[in-house]
Amino acid sequence: MENKHKFSIWYVLLGIWVVLIIQSYIASMFAVQVIPYSQFLGMLKEGKVTEVAVTANQIEGKMKVDGAAAETKAFRTVRVDPELSKLLDQYKIIFKGEIESTFLRDLLSWVLPILLFVGIWYYMIQRMGSQQAGFMTLGKNKAKIYMQDELNVTFNDVAGVDEAKQELMEVIEFLKTPAKFTELGGKIPKGILLVGPPGTGKTMLAKAVAGESGVPFFSISGSEFVEMFVGMGAARVRDLFEQAKKRAPCIIFIDELDALGKARGFGTFGGHDEREQTLNQLLVEMDGFDTKVGVILMAATNRPEILDPALLRPGRFDRHVLVDRPDKQGRKEILQVHMKKIKIGPDVDLDLLANMTPGMVGADLANLVNEAALLAVRRDKKEVGLAEFEEAVERIIAGLEKKNRLINPRERETVAYHEMGHAIVALSLPGTDPVQKISIIPRGISALGYTMQVPTEDRFLMTKTELLNKIASLLGGRAAEAIIFNDISTGAHNDLARATDIAKSMIREYGMSKRLGQVYLSPDKRPQFLDVGRREGGDYSEATSEMIDQEIREVISGEYNRATQILQSRKDILVRGALLLLEKEKIEGSEIQALMA
């Protein structure tokens, strides 16, 4: 890719410094010493004058330098004696009646620095002109162009998305052998939309397609099309497609398409803003170019629900490829790809790590491997072991461990009973995730302790019983505090938020309420791949809203009472486990199971 050097004021200062050095050097070379006429007569009698040039008013010549027999120095004096020629002849001095021209000296000492200044000034003007010309090139696209030799990403570098790779193999085959498709009259899809949560590898997958095909790759973000100047985005779209046609076959990749392709008519005045003009131009260009030329348009987004319907119709982005969160096998493959770059210890178990990382995407797993490698370096180890990977998982999930944070004994005891309450209720109920570790070492911003539960397999469906058991496990910490201290603390705020969210989903979305029946009561459209909040309320009456609130309270209170009963029946285990946790600060799930046995 082309590298552009920015103009700096240091260039000007360097030029001035060079000019001053040159001028001082030239001045020292041609320096002429002005001496009195009497001194000239004395040097003449001492034999120090070698030659002179005489005019009517002055005398110029060369004299010997003291201490250097062969070196001479120029001098000048005002002529006083009219009979000077007899005196020069007496001392056998070579003289002539004209003074040598100083044109060369003047040229070197003045004209050359002026030319140098003019050159610097011309360079500055050219730089300013190129910057002003940049204003005129606002309509040029800002896409990064990767040529065939610059793309070193292949399908071997992308793991955990086998279905998406199979979908894209057709595109690669078309780019390599287009005649195979055109002979039968088949047409490759004009646009391919990669849809999935952030970090699943959509951009890397697009680069891998270009790397496997061996064609140029135009990469640009959707936000780079939109400028404050009206019409610039549309001009950039036109320029992008023109350049792509010149370099066909090639791939155009637009990342974060939702920044450009948001549905028209919302939040605008009159529907003629810059973003809509850019989107209209993109739709026109997609209709106008022929797939036989060999230009494939790919885009990625994690907000497909807000895209304009005109973008998604057949003939535009007519193939949608889901790049979803990887399952257990996919996580193993992704970990293997990233572990090739580091030294792994013999105790590392990929199956265990894949079980410990449910819901993590490719970017999370890459960060996990990097965090484990950094921990091993910090401990002066020669290879990364399972202990480093386990701690890296805890660091990513719960935050950085803060052993230096001072907690008073009363709060520390409260945290120990709170976390043991979670663990005992979770281990007492069927269908809950196994408890792997409990810690009362503060982590992250506000976590004073945590109970780590790791699922044994990927789950895509959950029953009503399992959801209720999960709520009971979340409320076990609050119940333990009430049983032991006859008081409750603020430490359960996150547990309450998660438990309430599950109860809301059960009542409003999953139809798990006997009073409300099999009704969906959450009509607000949620982002498919982003975990963001949603608006409360819906398209139902106030009476229904009151029933929803009552049902949610009943679910929460019922599971809280169940957690309390479990802990009351196992109070001795709760006390012994909390004392063990206070002593060791961190205990494994197997130790808790041994207590409960």
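Trainee: How should I read the link between the side chains of glutamate 394 and lysine 437?

Mentor: Side chains of opposite charge can pair when their charged atoms come close. Here the side chains of glutamate 394 and lysine 437 meet in a salt bridge, with 2.4 Å from N to O. Because glutamate 394 lies in helix H14 and lysine 437 in strand S12 (residues 435-439), this pair ties together parts that are 43 residues apart in sequence. A salt bridge is a side-chain nitrogen of Lys or Arg within 4 Å of a carboxyl oxygen of Asp or Glu, while helices (H or I, at least four residues) and strands (E, at least two) are DSSP runs, numbered from the N terminus. This is a predicted model, in which local features need pLDDT of at least 70 and side-chain atom pairs count only at pLDDT 80 or more, whereas totals for chains, interfaces and linings use all residues. Residues are numbered from 1 along each chain as its sequence is written, and side-chain values use heavy atoms, with hydrogens and water left out.

Trainee: Are glutamate 394 and lysine 437 buried or exposed?

Mentor: Both glutamate 394 and lysine 437 are buried, where buried means under 20% relative accessible area, exposed over 50%, and partly exposed in between (1.4 Å probe, protein chains only).

Trainee: How many salt bridges are found in the whole structure?

Mentor: A search of the whole structure gives 13 salt bridges. In one of them, the side chains of glutamate 391 and arginine 379 meet at 2.2 Å, N to O. This pair links distant parts of the chain, 12 residues apart, with glutamate 391 in helix H14 (residues 386-398) and arginine 379 in the loop between helix H13 (362-378) and H14. Glutamate 391 counts as partly exposed because its relative accessibility is 23%, and arginine 379, at 35%, is partly exposed too. Arg379 and Glu391 also belong to a network of salt bridges that includes Lys381 and Glu388.

Trainee: Which residue forms a salt bridge with arginine 412?

Mentor: The partner of arginine 412 is glutamate 585, and their closest N and O atoms are 3.3 Å apart. Arginine 412 lies in helix H15 (residues 409-428) and glutamate 585 in the loop between helix H19 (571-584) and strand S14 (586-588), so the pair ties together parts that are 173 residues apart in sequence.

Trainee: What joins the side chains of threonine 451 and glutamate 419?

Mentor: They are joined by a polar contact of 2.7 Å; the term means a pair of N or O atoms within 3.5 Å, where within protein one must be able to donate a hydrogen and the other to accept it, and residues adjacent in sequence count only if both atoms are side-chain atoms. Threonine 451 is found in strand S13 (residues 450-453), and it counts as buried because its relative accessibility is 19%. Leaving aside residues up to four places away in sequence, threonine 451 touches several residues, among them His422, Val435 and Lys437 (contact means heavy atoms within 4.5 Å).

Trainee: What should I notice about the phi of asparagine 486?

Mentor: Most residues other than glycine have a negative phi. Asparagine 486 is not a glycine, yet its phi is positive, at about 55 degrees. Asparagine 486 lies in the loop between helix H16 (464-485) and helix H17 (493-508), and it is exposed, with a relative accessible area of 70%. Glutamate 256 has a positive phi as well, near 50 degrees, and its place is in the loop between strand S9 (250-255) and helix H9 (274-288). At 33% relative accessibility, glutamate 256 is partly exposed.
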